[in-house]
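Colleague: I'm new to this one. Can you walk me through it?
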Amino acid sequence: TTAFSSGTNEIAIALLSQGVSVAGVPLLQPPETMLKLAAHMRQRGIEIISIGRGASLAELETMFSLLNVDAAALTAVDVTQWLKDRGTHRVAVKHLEIAESKVVRSIRELYSAGRESLGKELQRAHDKGTIDVGAISELAGTMLDLVTRSDVPIATLLALRGRDDYTFLHSMNVSLLASSQASTLGLDDAQVRAIGLAALTHDIGKTMVPDAVLFKTTALSTSEAAMLANHTNEGARTLLRTHGGTGREAIVAHEHHMPYTDEPHIASQIVAIADAFDTIRSLRPFSDRTSLRAALRFMLRDMRYRLNPYLLQRFCLMCGMFQPGDDVTLTTGERARVVANNVELGSKPIVEVIDTAMGRAPMGTVADLARPQLGHVRIQSEHVLAFETLSARDVDAAG
């Protein structure tokens, strides 16, 4: 019941490489019962359980009975039909099924295959100063398929990223995030794929940076910091020597740490936001939606000098910074509930006052926080200790 108070019509429980996510948020320390559920899902090849609004207790019990069926016996069973035959219509099993190609692969398989192909190209870049764009372009196409042709919600896709082997998987995570935002902006498939490809190769210049510098845990010296910062130039040089791309890859590699005020390419600005977000959630893993909001607020407050504010607001909206039903406290003292999101402003939803507290607005007052005359009214920031010691410089250095 609490999960559905946010106004969503579906809650997805999804397997991660380690642990599970609920409603698109990874559980970093899941309770024992959730670990057992994940084990049953993994044994039976069930990747996502979708629970729709209005699901009955009987339907949930049917799903749990499915999880007790012998794993070997399930291999010959159409699980979706099995549930429907027993009157279960609001609880379903999902896979990452790409509608056009009808290919069903688990996210773990996708990340494993992607890590292998991307790893080969990173090694090729290190050894020969060039890459095979075709191999990476195929991976970018897979990311595009996940974003545009899968029935899995974006919030769940954002949680279904790898958590190990950061060197390779960071680029895949950034590609998924950048492709998702490009898609929500209404760009066509060719443009989304081109941005996804550029995101996969944005850090290729780091193959020229010694591991001792890349993975140093203490402060970098002046010369080491300069060497790391030069990865954008090295990446552009490598990609300019590579045939088969669109040319956009070299631009993004060169510009993805450039302030938006210097007017980098729109693809570079999209990738820069995805790059920063994935770096932050690697440095400070999210445990709930409160810390997700805190991370996005950190970007809005501390990285506004570099990230395009309009695109960042759209990114916040895509990530579900606020959802209908969220209880919030306004800086004016009133407690309010989110009624709806603004189409382009993820951090400024429409709210209804539910408790006047120390404020003056009467209960039931509906306010659109995006209106200019309400510019002084904001939602109070959540106090999340994990972000207190994080700086924009830390994010730039790690990303």
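Colleague: Let's start with F277. What does F277 touch, not counting residues up to four places away in sequence?

Modeller: This is a predicted model, to begin with. F277 touches L177, F286, L292, L296, M299, F315 and C319, leaving out residues up to four places away in sequence.

Colleague: Which residues have the most contacts inside the largest nonpolar core?

Modeller: F277, I280, L296, M299 and M303. That core has 52 residues.

Colleague: Which elements give two or more residues to this core?

Modeller: The helices are α8 (166-184), α9 (189-200), α14, α15 (289-302), α16 (309-319) and α17 (392-398). The strand β9 (335-340) is on the list too.

Colleague: Where does the largest share come from?

Modeller: From α14, which supplies nine residues of this core.

Colleague: Let's turn to α8. Is H170 buried or exposed?

Modeller: H170 lies in helix α8. H170 counts as buried, because its relative accessibility is 4% and the cut-off for buried is under 20%.

Colleague: What is H170 in contact with, leaving aside neighbours within four places in sequence?

Modeller: H202, D203, D275, D278, T279 and G399.

Colleague: And S171, buried or exposed?

Modeller: S171 also counts as buried, at 5% relative accessibility. Helix α8 holds S171. With neighbours within four places in sequence left aside, S171 is in contact with L118, A199, L200, H202 and D203.

Colleague: How many residues apart in sequence are S171 and G196?

Modeller: They are 25 residues apart in sequence. In space, S171 and G196 are 9.6 Å apart, C-alpha to C-alpha.

Colleague: New topic: helix pairs. At what angle do α13 and α14 cross?

Modeller: At roughly 55°. Here α13 is residues 248-255 and α14 is residues 266-283, and their axes come within 9 Å. That angle makes α13 oblique to α14. The crossing of α13 and α14 is right-handed.

Colleague: Which residues make the contact?

Modeller: From α13, R248, I251, V252 and E255. From α14, A267, S268 and V271.

Colleague: How do the residues of that contact divide?

Modeller: The contact of α13 with α14 has four nonpolar, one polar and two charged residues.

Colleague: What about α12 and α13, at what angle do they cross?

Modeller: Helix α12 (residues 231-240) and α13 cross at roughly 170°, and their axes come within 7 Å. Therefore α12 and α13 are roughly antiparallel to each other.

Colleague: Which residues make the contact there?

Modeller: T232, N233, G235, A236, L239 and L240 from α12. On α13, E249, A250, A253 and H254. The residues of the contact of α12 with α13 divide into five nonpolar, four polar and one charged.

Colleague: One last spot. Where is the place of E263?

Modeller: E263 sits in the loop between α13 and α14. Its phi is positive, about 60°, although E263 is not a glycine.

Colleague: Is E263 buried or exposed?

Modeller: E263 is exposed, with a relative accessible area of 69%.

Notes. Residues numbered from 1 in each chain as written. Predicted model: local features only at pLDDT ≥ 70, side-chain atom pairs only at ≥ 80, totals over all residues. Heavy atoms only, no water. Axes fitted to C-alpha atoms, helices over the stretch in contact; angles between N-to-C directions. Helix = DSSP H or I, 4+ residues; strand = E, 2+ residues; numbered from the N terminus. Parallel < 35°, antiparallel > 145°, perpendicular 65-115°, else oblique. Left-handed = near helix turned anticlockwise from the far one by under 90°. Contact = heavy atoms within 4.5 Å. Nonpolar A, V, L, I, M, F, W, Y, C, P; charged D, E, K, R; others polar. Core = buried A, V, L, I, M, F, W, Y, C linked by side-chain atoms within 4.5 Å. Buried < 20%, exposed > 50% of the residue type's maximum accessible area, 1.4 Å probe, protein only.
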